[in-house]
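Here are my notes on the model, written up as numbered points. Have the structure open while you go through them.

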Amino acid sequence: TFPILMQSVDDYFENWIIASVIRLSRYVGLFLSSLFPALYIALTSFNPGMLPTRLVLSIAAARAGVPFPAIVEAILMEIILELLQEASIRLPKAVGQTVSIVGGLVIGQAAVQAGIVSPIMVIIISITAVTSFVIPNYSFSLTTRIIRVPFMLLAATLGNFGIAMGVLILSKNCNLVK
């Protein structure tokens with residue numbers, strides 16, 4: 001079941017309060033891992049009025065030289081992230097982690113300097129990558145990596161309404177809602 005996928009063996013060796021807080025952080029990580037890029041796309045493209053004015057101006061200034069819409073940026077960065085994650089898995093442990101970190105930093109910085117992506121998109125995808133590692137079950141973590149793109153497409157076409165529809169469809173198909 002869903003709660004079992006969010007449990008780790010370590011939970012049983014901790015105080016129940018600490019284990020509950022850690023498990024709650026996993027649920028937050030699941031939410032951010034699945035929906036954070038989509039929320040960014042929806043808020044900046046459809047509902048910038050929901051954000052504070054200074055933040056909107058900062059995002060607009062960062063995106064000023066970027067020729068692509070937010071959805072293209074996000075998908076491009078997701079592809080790069082997936083390639084780096086797969087490369088780090090296939091390489092030996094000592095080299096894999098180093099290549100992943102250095103590759104992410106170098107490629108992210110080069111993409112920002114070339115004007116292909118905005119710095120805020122690199123931050124959004126980085127947070128998404130970190131939160132995806134919070135999920136203890138590897139197969140479930142792969143699922144969140146897969147559903148990111150449909151949520152981003154829904155956000156690009158329908159905004160926050162599309163994300164809400166996607167969550168409802170997903171929860172209904174996963175029997176989370178009766």
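1. Start with Phe161, which comes out as exposed: its relative accessible area is 55%, and the cut-off for that label is over 50%. Bear in mind that this is a predicted model. Phe161 sits in helix H8, residues 160-173. Its C-alpha is 8.8 Å from that of Ala42, although 119 residues separate Phe161 and Ala42 in sequence.

2. Next, have a look at H2, which covers residues 16-45. With 30 residues at 1.5 Å a residue, H2 should span 44 Å, and the 42 Å between its end C-alpha atoms agrees with that.

3. Which residues have the most contacts inside the largest nonpolar core? They are Tyr40, Ile41 and Met121, in a core of 25 residues. H2, H4, H6 (119-132) and H7 (138-158) are the elements that give two or more residues to this core. H2 provides the largest share, with six residues.

4. There is also a nonpolar patch on the surface, made of Phe68, Val72, Leu76 and Ile116. Together these four have about 270 Å² of accessible area. Leu76 belongs to helix H4, residues 70-90. At a relative accessible area of 32%, Leu76 is partly exposed, so it clears the patch cut-off of over 30%.

5. Now the charges. The salt-bridge count comes to eight. One of these pairs is Asp11 with Arg23, where the closest N and O atoms are 3.0 Å apart. Asp11 is in the loop between helix H1 (2-5) and H2, while Arg23 is in H2, so the pair ties together parts twelve residues apart in sequence.

6. For a link between distant parts of the chain, where do Glu78 and Arg148 lie? Glu78 is in helix H4 and Arg148 in helix H7, 70 residues apart. They form a salt bridge, with 2.9 Å between the closest N and O atoms. Both ends are buried: Glu78 has a relative accessible area of 4%, and Arg148 has 1%, against a cut-off of under 20%.

7. That last pair is part of a wider arrangement. Glu78, Glu82, Glu86, Arg90, Arg145 and Arg148 are linked in a network of salt bridges. As background, side chains of opposite charge can pair when their charged atoms come close. On the spacing of such residues along a helix, an α-helix has 3.6 residues a turn, so residues three or four places apart point the same way.

Key:
Residues are numbered from 1 along each chain as its sequence is written. This is a predicted model: local features need pLDDT of at least 70, side-chain atom pairs count only at pLDDT 80 or more; totals for chains, interfaces and linings use all residues. Side-chain values use heavy atoms; hydrogens and water are left out. Helices (H or I, at least four residues) and strands (E, at least two) are DSSP runs, numbered from the N terminus. The expected span of a helix is 1.5 Å times one less than its number of residues. Patches are made of residues with over 30% relative accessible area and no salt bridge: like charges are joined within 9 Å, nonpolar side chains (Val, Leu, Ile, Met, Phe, Trp, Tyr) within 5 Å. Accessible areas come from the Shrake-Rupley method with a 1.4 Å probe; for residues, only the protein chains shown count as cover. A salt bridge is a side-chain nitrogen of Lys or Arg within 4 Å of a carboxyl oxygen of Asp or Glu. Buried means under 20% relative accessible area, exposed over 50%, partly exposed in between (1.4 Å probe, protein chains only). A nonpolar core is a set of buried Ala, Val, Leu, Ile, Met, Phe, Trp, Tyr and Cys residues joined through side-chain atoms within 4.5 Å.
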